[in-house]
Amino acid sequence: MAVDNQMYDRLAHTWWAKGGTLSALNTLIPGRFAYLDGILEARGRAYAGIDVLDLGCGGGLMSEAYARRGARVTGVDPSAGSLAAARAHAELSGLAIRYEQGTGESIPLLDGSFGLVSCCDVLEHVNDLDTVSREVARLLRPGGFYFFDTINRTWLSWLVMIKMFEEWVGAIPRRTHDWDMFITPDELRASLERAGLAVRDMTGLSIDPNPLRLAPAIAKMVLGSADRDSALAVMGPSPITSVVYMGWAEPA
Ligand SMILES: C[S@@+](CC[C@H](N)C(=O)[O-])C[C@H]1O[C@@H](n2cnc3c(N)ncnc32)[C@H](O)[C@@H]1O
């Protein structure tokens, strides 16, 4: 079933609403930064002063997180409604973030403009992964790097992301995802290599894999005794790459 990318316009009012459909993506942010902080530290860099492109920025959740850490941020997304929500919220927050309309396949920005291209929860929504990989490579300046997270195409991702989240629990709308558009780590690595980027690391982003903590978190969500955001808030870097995984790459 085709992915419904129009929902980011219809549901744009929920990006920053407490308990809203799209604001659930906030629960992924601490786990992403737990990983990213280590990459920057290993490279002797800080967020302050880095030009970040938040590709597929939606309502600007990650853009604002980067801006609060001192980065100069540009967000790009095809959804006009999401960009309007992002601009309005940045103004409310007093954050100077530039937002532009565009797709990952055709990014309306100059070559070599960014020290960090960040693309979170977007690659499984694009039509042409190879073109996006080439666009990312084009936009990175020497010494820059690419941070991504996306969803693996496995039986477990079908069970968790399609059956559990969309159909049984209803935590996310139907057709948020199309299992056929999920990307295995090997497919992503090969696409990046074709674009001249070398993957340096990949790791999982999941709820705590310790079964003693994982089982009660899932049970609470299924039984409705915990709200979705508090159940998901235990997400972090993890050895489990079979649902959501993240990683980074740099020019080869
Ligand atoms: C699940 S949201 C993720 C938003 C944001 N990155 C975050 O983590 O909060 C997916 C986003 O990808 C955007 N999108 C869909 N197709 C795209 C494309 N071809 N290029 C770039 N972004 C796209 C959608 O408009 C939406 O804002």
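Two residues are in contact here if their C-beta atoms, placed from the backbone, lie within 7 Å. Leaving aside neighbours within four places in sequence, serine 191 is in contact with Leu129, Asp130 and Ser133.

## About the model

This is a predicted model, in which local features need pLDDT of at least 70 and side-chain atom pairs count only at pLDDT 80 or more, while totals for chains, interfaces and linings use all residues. Residues are numbered from 1 along each chain as its sequence is written.

Helices (H or I, at least four residues) and strands (E, at least two) are DSSP runs, numbered from the N terminus.

## Where α5 meets α7

Let's start with a helix pair. Helix α5 (residues 129-139) packs with helix α7 (residues 185-194) at an angle of about 50°, and their axes are 8 Å apart. The angle therefore makes α5 oblique to α7. Axes are lines fitted to C-alpha atoms, for helices over the stretch in contact, and angles run from 0 to 180 degrees between N-to-C directions. Angles under 35 degrees count as roughly parallel, over 145 as roughly antiparallel, 65 to 115 as roughly perpendicular and the rest as oblique.

On the α5 side the contact is made by Leu129, Asp130 and Ser133, and on the α7 side by Ser191, Leu192 and Arg194. By class, this contact has two nonpolar, two polar and two charged residues. Ala, Val, Leu, Ile, Met, Phe, Trp, Tyr, Cys and Pro count as nonpolar, Asp, Glu, Lys and Arg as charged, and the others, Gly among them, as polar.

## Burial around these helices

A residue is buried if 20 or more other C-beta atoms lie within 10 Å of its own, exposed if 12 or fewer, and partly exposed in between, with C-beta atoms placed from the backbone. Serine 191, in helix α7, is buried because 20 other C-beta atoms lie within 10 Å. Its C-alpha atom is separated by 8.7 Å from that of arginine 134, 57 residues apart along the chain.

In α5, the buried residues are Leu129, Val132, Ser133, Glu135, Val136, Ala137 and Leu139. Their packing partners are β1 (51-55), β4, β5 (140-151), α7, β6 (197-207) and β8 (244-251).

Cysteine 119 belongs to strand β4 and is buried, with 23 C-beta neighbours inside 10 Å. Not counting residues up to four places away in sequence, cysteine 119 touches Leu55, Gly56, Gly104 and Phe148.

Phenylalanine 147 sits in strand β5 and is buried, as 20 other C-beta atoms lie within 10 Å. Beyond its neighbours within four places in sequence, phenylalanine 147 is in contact with Leu36, Leu116, Ser118 and Trp248.

## Positive phi in two loops

Two loop residues are worth a look. Aspartate 121 has a positive phi of about 60° although it is not a glycine. Aspartate 121 lies in the loop between β4 (114-120) and α5, and is buried, with 21 other C-beta atoms within 10 Å.

Arginine 175, also not a glycine, has a positive phi of about 70°. Arginine 175 is in the loop between α6 (155-168) and α7, and counts as partly exposed because it has 15 C-beta neighbours inside 10 Å.

## Around the ligand

Of the 21 residues around the ligand, Tyr8, Gly56, Gly58, Ser79 and Gly104 come nearest (a residue is near a molecule or strand if its C-beta atom, placed from the backbone, lies within 6 Å of it). The shell divides into 10 nonpolar, eight polar and three charged residues.
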